[in-house]
Amino acid sequence: MKKLLALAMIFCLAFGIVGCGGGGGSSDGALKDTLVWVQAADVTSLDPHVGKETPAVTVTSQMFDTLLVMDENNEPAPSLAESFKQIDDKTWEFKLREDVKFHDGEPMTAEDVVYSINRARKSNYVSYVVDAISEVKADGDYKVIIKTKEPYSPLLSSLTVPFTAIVPKHVVEADEDAFQLNPVGTGPYKFVEWKQGEYAKMAANEDYFLGAPKTANLEMRVVPEASQRVIAIETGEADLAYAVSANDSKRVEEDDNLQLFKASSQSVSYLTVNGENKLFSDKRVRQAIRYAVDKEAIVETMLYGAGEPADSVIPPNAFGFSKKVVFYEHNLEKAKKLMKEAGYPDGFKCTLSVTDDSVKNEICQVIQSQLKEIGIKCNIQVKEYGTWIDELGTGSHEMSLSAWVCVTGDADYTYYSLFHSSQTGYPGNDAFIKNDEVDKLVVAARQTADPEKRQEYYDKLEVLLGDLSPYIPLYYDSVNVGATKNVKGFVADPNGYHRLRNVEVTE
């Protein structure tokens with residue numbers, strides 16, 4: 001997804017806020033030493049080549065950097081690489097900055113970049129981002145050559161993804177387990193402490209190559225309930241509240257002591273059904289579910305209109321979104337007919353998994369009611385976030401309310417991970433779809449440089465997926481972040497990976 005009341009002493013004591021009352025002058029008053037944000041779920045892993053879920057990246061993106069970043073025009077721009085150029089249709093050269101140091105004081109060199117990208121390529125969790133790469137090699141201490149297997153248009157965008165972060169070879173090789181619990185990066189903040197299920201703390205990297213952060217300390221706290229996150233900024237317990245629900249947004253906007261930051265999201269929420277489960281192996285059942293679920297009603301009643309019904313998992317603002325998308329209107333008669341043709345005239349019982357997020361739970365209750373109309377009786381199972389991720393990764397789910405962020409703004413990021421047969425399980429394909437024609441179209445599009453030709457492949461792919469219906473798209477959401485009025489310099493990121501280096505909070 002592109003880019004927050006003064007804390008009373010009682011909160012400092014009750015919540016252990018570091019450096020309460022800290023100094024540093026500003027025109028609006030003294031600056032707080034610690035910025036606190038609350039989010040719905042905990043970090044899944046502090047290792048950037050493992051923890052790809054948004055609740056993890058909100059933390060790791062403060063501690064790690066990538067070769068490139070997306071600029072204000074959503075174009076790849078220099079970061080750890082100060083420049084880059086294409087040598088031929090499968091080869092790129094990256095010149096690295098020579099003033100970057102890891103948090104332990106060691107310089108970052110080409111050797112670390114080669115090691116990091118190869119490590120990401122081998123990761124069971126994030127390899128889909130960089131597996132188009134065939135070779136990475138150093139050319140001296142500060143130049144890296146990257147070759148792809150075939151021409152691969154989204155390469156530069158892929159190298160902006162936080163899961164391709166550069167890690168210190170000497171630290172990871174010495175003790176990978178220790179690194180995963182005490183991460184060392186090049187980013188604006190250094191790791192301090194992680195208490196699982198509760199909080200993560202970071203301290204400013206004063207030697208950061210782009211300059212020291214505005215705020216000395218960061219603290220993320222886990223608050224699953226959306227309403228409680230808003231209460232946290234109302235009371236001053238927190239400065240920022242991530243993922244403010246649609247029904248709480250007006251409450252934030254109408255409070256003179258708060259402010260609401262919005263961004264157009266690159267996220268889509270959908271139902272994933274396990275295609276390897278006999279209940280959902282027939283596409284007619286999956287099509288019936290699409291007809292039975294009233295997406296418009298969900299957007300209007302559960303999101304208070306702050307969203308858009310979806311018929312594709314590709315967001316409209318991403319390259320590759322197709323106008324050929326197959327539209328499924330709400331039609332119970334069609335749904336019942338398909339269920340009968342598939343051999344389930346009276347429906348069946350199944351489980352519907354969801355994380356412990358109050359809004360998503362309520363959405364599942366609406367879906368439960370809608371599917372009951374065609375005989376599908378869902379037992380809603382609320383899972384802790386990490387448990388829910390493992391369920392999808394291992395394929396032990398039946399049906400689940402999920403979401404995906406098209407991080408690069410290029411459809412390949414979503415199509416390859418969610419649909420290619422090589423990516424089943426943890427990489428993203430938790431529908432466990434395996435279809436030769438889908439694979440061919442996905443690969444053809446990612447290996448084609450011509451944008452118009454790529455779009456033709458995506459048009460064909462969307463028509464095919466409309467028929468197969470491995471996922472049931474529900475809605476495109478928006479990114480809403482609540483903040484106190486004392487927060488300055490915050491920019492909401494469309495992926496939800498909010499960077500906090502330039503954010504400060506006055507007392």
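This report walks through the overall build, the nonpolar cores and a few individual residues of the structure above.

## Ground rules

What you're looking at is a predicted model, so local features need pLDDT of at least 70 and side-chain atom pairs count only at pLDDT 80 or more, while totals for chains, interfaces and linings use all residues. Numbering runs from 1 along each chain as its sequence is written, and side-chain values use heavy atoms, with hydrogens and water left out.

## Overall build

The protein chain has 16 helices and 19 strands; these are DSSP runs numbered from the N terminus, with helices (H or I) of at least four residues and strands (E) of at least two. Its radius of gyration is 23 Å, close to the 23 Å from the globule rule for 507 residues, so the chain is as compact as a globular protein of that length. That radius is taken over C-alpha atoms, and the rule is 2.2 Å times the number of residues to the power 0.38. Along its principal axes, the C-alpha trace spans about 70 × 55 × 40 Å.

Buried residues account for 59% of the 507. Here, buried means under 20% relative accessible area, exposed means over 50%, and partly exposed is in between (1.4 Å probe, protein chains only).

## The nonpolar cores

The largest nonpolar core has 102 residues, and Trp37, Leu67 and Ile146 have the most contacts inside it. A second, separate core of 38 residues includes Leu303, Val359, Ile367 and Leu474. A core is a set of buried Ala, Val, Leu, Ile, Met, Phe, Trp, Tyr and Cys residues joined through side-chain atoms within 4.5 Å.

Which residues does Ile146 contact, leaving aside neighbours within four places in sequence? Among them are Leu67, Trp92, Phe94, Ile117 and Leu159, along with Lys90 and Glu135. Contact means heavy atoms within 4.5 Å.

## A buried serine and a covered helix

Ser158 sits in helix H4 (residues 155–158) and is buried, at 4% relative accessible area. Not counting residues up to four places away in sequence, Ser158 touches Val129, Tyr152, Thr164 and Thr408.

Helix H9 (residues 283–292) is mostly covered, with eight of its 10 residues buried. Including Arg286 and Arg290, the buried set also takes in Gln287 and Tyr291.

## Two positive phi angles

Tyr304 isn't a glycine, yet has a positive phi of about 55°. Tyr304 lies in the loop between helix H10 (295–301) and strand E13 (308–309), and is exposed at 53% relative accessible area.

Ser469, also not a glycine, has a positive phi of about 50°. Its loop runs between helix H16 (451–468) and strand E17 (471–484). Is Ser469 buried or exposed? With 0% relative accessibility, Ser469 counts as buried.
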